[in-house]
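Welcome! Please have a look at the model below, and then let us walk through a few of its features together.

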Amino acid sequence: MGLTSQSTGVNALKEMLDIQLSSSDDIIVALAGNPNTGKSTVFNSLTGLNQHTGNWTGKTVTTAQGNYKYRDENFILVDLPGTYSLLSNSIEEEVARDFICFGNPNATVVVTDATCLERNLNLVLQILEMTDKVVVCVNLMDEAKRKKIRIDLKRLSELLGVPVIGTSARSGEGLEELMDAVYKVSHNEITTKPIRIQYDDDIENTIQYIEEKIKKSVDNKINSRWVSLKLIDGDMSIIDSINKYIGIDLSNITNNETKLGLAEVSSTPLSEVLSTSNDLAYGDLRDRIVSSIVKLAENISHQVVNSQRQKHNELDRKIDNILTSKAFGIPTMIALLGIIFWITIVGANVPSDAIAYVLFGIEDKLTYLFTTYNLPNWLHGALVLGVYRTLAWVVSVMLPPMAIFFPLFTLLEDLGYLPRIAFNLDNFFKKACAHGKQALTMCMGFGCNAAGVIGCRIIDSPRERLIAIITNFFVPCNGRFPILIAVTTIFIAGAVSGPMQSVIATLSITLVIILGVIMTLLVSKILSKTILKGLPSSFTLELPPYRKPQVGRIIVRSIFDRTIFVLGRAVIVAAPAGLIIWLMANVNISGISLLDHSAGFLQPFANLLGMDGYILMAFILGLPANEIVMPIIIMSYMATGTMIELENLEALRSLLISNGWTWLTAINVMLFCLMHFPCATTLLTIKKETKSWKWTFVSFLVPTIAGITLTFTFTQIVRLLGLA
Amino acid sequence: MEGTKIPLHLIPCGKSARVKELTSSGNLRRRMLDLGLVIDTVVESLRKSPSGDPIAYEIRGAVIALRSEEASKILVELI
Ligand SMILES: Nc1nc2c(ncn2[C@@H]2O[C@H](COP(=O)(O)OP(=O)(O)OP(=O)(O)O)[C@@H](O)[C@H]2O)c(=O)[nH]1
Ligand SMILES: [Mg+2]
């Protein structure tokens, strides 16, 4: 009986983590470790996959799996979220713990940071309490060397009783040895003798007492010493997990039972133990358990690490003295963003023009083909003027800024700058009653709001996590960013000439982003005072050492990834959208095209917001992907017949002006681009993350209301003052 | 100052102190322990963020920023 429930339980866990075994001979290897130690980098180098890495804590929030072959065997590698400990006070810790404990991995690799070994050993020791099949990977050896930290790996292996391998995952050094050790441990070619943590007498006695009680039911399926320790520790979630995954019900070993055990073996009178609330009874014990582990880690680290401690972080500290200083912290942050925008704007111009030139050249060729073969006009219209043209616009206007902005931003991420942003801005978030890590999820939103929403998992408190999810859309993602750039460059900056153009464009985009951050804070505050009342919860933010970014890899990967991603989305979304627009422009009802009907319907409302019906319609049709908003606007104007040929970006400006755009329209489009309903992908992600239509709807409504309110107020004021 | 317990966030930047007591409870206490903040751990106050809060500390070789709410629940002795 035990066996069947065991296997179903394990299957449940495997399913939860979506582990796919190609055959039952596959060897499962769990990859655990503190955050930011290079687990994903190890994972990528071994599997050749492309899990996101970044120099900040909590980059990986979901588990990923991949496989590699070694000595003709298939190893399934599972990249677990990084945790400081497995004493389970967050979901990630529970996922990691349950997988190591109940997922029956054939081996667990604990990735540690050579430059910060002592703290990392904490987790290693905790994992060694759960399982013997462990390989310790001391990663970032290259950085340790640079910082003149020497580690006696052999001694460390002797002390821990398991294989210890030094690696530099980024350059691939040591990975061969790591695979070898994993092979040997999983095949029992090496028998490990993990170090056992010795606790004080009270605890040891209680462990014994409880171990006796549970030994029979637990039967060798799980380390009974470890379970006893967890029970003493007051960690009741372990009982649920044991029941869920191996079908053993320990709930009769209740709170009181462990308390009884405590009373029996310690000097505390029984009545006192039983009458104290959980926290008090266990508080002190927990401290003692953790202290024993921490002290042991300290002890081991002293024996194996040799460094001139004071020196090695000098440079980091000097850099931080500037980047997070009172006087320069926030100005440098804005300046850095500004520089990135400027490079993007200036850099995107040339490829944009070049791509447009090529693509619209092809359009002429296509048209020529259609006429030569006498194909019907409507087919030419639908396919060339509809589908192809929209695609061409998406690629030429949207792709270049995305392909430039993304790697630049990733560069900052790899350097380790994002946690500094969170550090600088934290006080504002605290005042908004929001979580300090919301600054990090906000930054992720720059890449993609859907990714930002998933990233909100690093926030434990459900209330603050919801706030972070709802407000994530206030930073423009990589898909909306080019809209801002397009509007500023062809419109606002186009009004001046010369080199000042790019400066003005940069300034206005920076202002828009700052406005987005202010809105994030403001809306967070409003939410905290209304539907999501509460106080900010505790948080700790790690400031990792600055690391040299892998410039080459970033550029290749993000341009390659982005290009494929954008093209893929363009084909999926823009092509049908182009077709729809063309159809709408060419299907007439009582002499007026469907396009004009719809735009006319939206016109009165759009006018209140300082825009026109076509723009609003473009935003609505852009729901599947905001990348197509600008192309749709352009297509609609062209379809209305004012201009048929549009071969360079200069001509765009006249197109917009001839359709009644003023500076007020441009600003409103930018404001509305910053604040409207999230794209479909983001909304679906929100639904998945919150498991609630209600909060998805709120996330839809909040930025939309903000956008409408802002554009409306701005437009009315400007019109009242007679400025436009 | 020797021997008096003060909250961690009050120690001046650049100074080190020894942890003497954690006054927090529950999850927060656990999280502090997970960072290695057990009794007698030496912590150095590194720098304040631009608005003065949070403050970054060096704890067992890692740099961790704590808001004053959390740091005030860690009592230390200056060394
Ligand atoms: N110099 C150097 N950098 C490394 C090495 N391994 C990883 N890194 C860098 O360290 C940073 C963190 O790596 P990740 O692989 O994202 O770390 P992780 O453990 O998956 O982090 P979480 O997902 O947050 O738990 C990245 O910037 C990597 O490029 C290494 O061996 N040497
Ligand atoms: Mg990772």
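Asp142(A), Glu173(A), Glu176(A) and Glu177(A) form a negative surface patch. Patches are built from residues with over 30% relative accessible area and no salt bridge, joining like charges within 9 Å and nonpolar side chains (Val, Leu, Ile, Met, Phe, Trp, Tyr) within 5 Å. Lys and Arg count as positive and Asp and Glu as negative, while His and the chain ends are not counted. A charge is placed at NZ of Lys, CZ of Arg, CG of Asp or CD of Glu.

Asp142(A) sits in helix 5 (residues 141-146) of chain A. With a relative accessible area of 39%, Asp142(A) is partly exposed. Here buried means under 20% relative accessible area, exposed over 50%, and partly exposed in between (1.4 Å probe, protein chains only). Helices (H or I, at least four residues) and strands (E, at least two) are DSSP runs, numbered from the N terminus.

## How to read this model

This is a predicted model, in which local features need pLDDT of at least 70 and side-chain atom pairs count only at pLDDT 80 or more, while totals for chains, interfaces and linings use all residues. Residues are numbered from 1 along each chain as its sequence is written, chains are lettered from A and ligands numbered from 1 in the order in which they are written, and side-chain values use heavy atoms, leaving out hydrogens and water.

## A nonpolar patch

Which residues make the nonpolar surface patch of about 660 Å²? They are Ile339(A), Trp342(A), Ile343(A), Val346(A), Val496(A), Met500(A), Val503(A) and Leu507(A). Helix 15 (329-372) and helix 22 (500-529) of chain A are the elements that give two or more residues to this patch. Helix 15 of chain A gives the most, with four residues.

Val346(A) belongs to helix 15 of chain A, and counts as partly exposed because its relative accessibility is 34%. The areas come from the Shrake-Rupley method with a 1.4 Å probe, and for residues only the protein chains shown count as cover.

## Salt bridges

Side chains of opposite charge can pair when their charged atoms come close. A salt bridge is a side-chain nitrogen of Lys or Arg within 4 Å of a carboxyl oxygen of Asp or Glu. The count comes to 27 salt bridges over all chains. One of them joins Arg119(A) and Glu542(A), with the closest N and O atoms 3.2 Å apart. This pair links distant parts of the chain, with Arg119(A) in helix 4 (residues 117-130) and Glu542(A) in strand 9 (residues 540-542) of chain A, 423 residues apart. Both Arg119(A) and Glu542(A) are buried.

Asp320(A) and Arg420(A) also meet in a salt bridge (2.9 Å, N to O). Asp320(A) lies in helix 14 (residues 314-323) of chain A and Arg420(A) in helix 17 (residues 418-431) of chain A, so the pair ties together parts that are 100 residues apart in sequence. Asp320(A) is buried at 3% relative accessibility, and Arg420(A) is buried at 1%. Elsewhere, salt bridges that share partners join Asp113(A), Glu143(A), Lys147(A) and Arg547(A) into one network.

In helix 29 (residues 680-690) of chain A, the buried residues are Thr682(A), Leu683(A), Thr685(A), Ile686(A), Glu689(A) and Thr690(A). Seen down the axis, these buried residues fall within an arc of 160 degrees, so they line one face of helix 29 of chain A. The arc is that of the directions from the helix axis to the C-beta atoms. On the other side of helix 29 of chain A, Leu684(A) and Lys688(A) are exposed.
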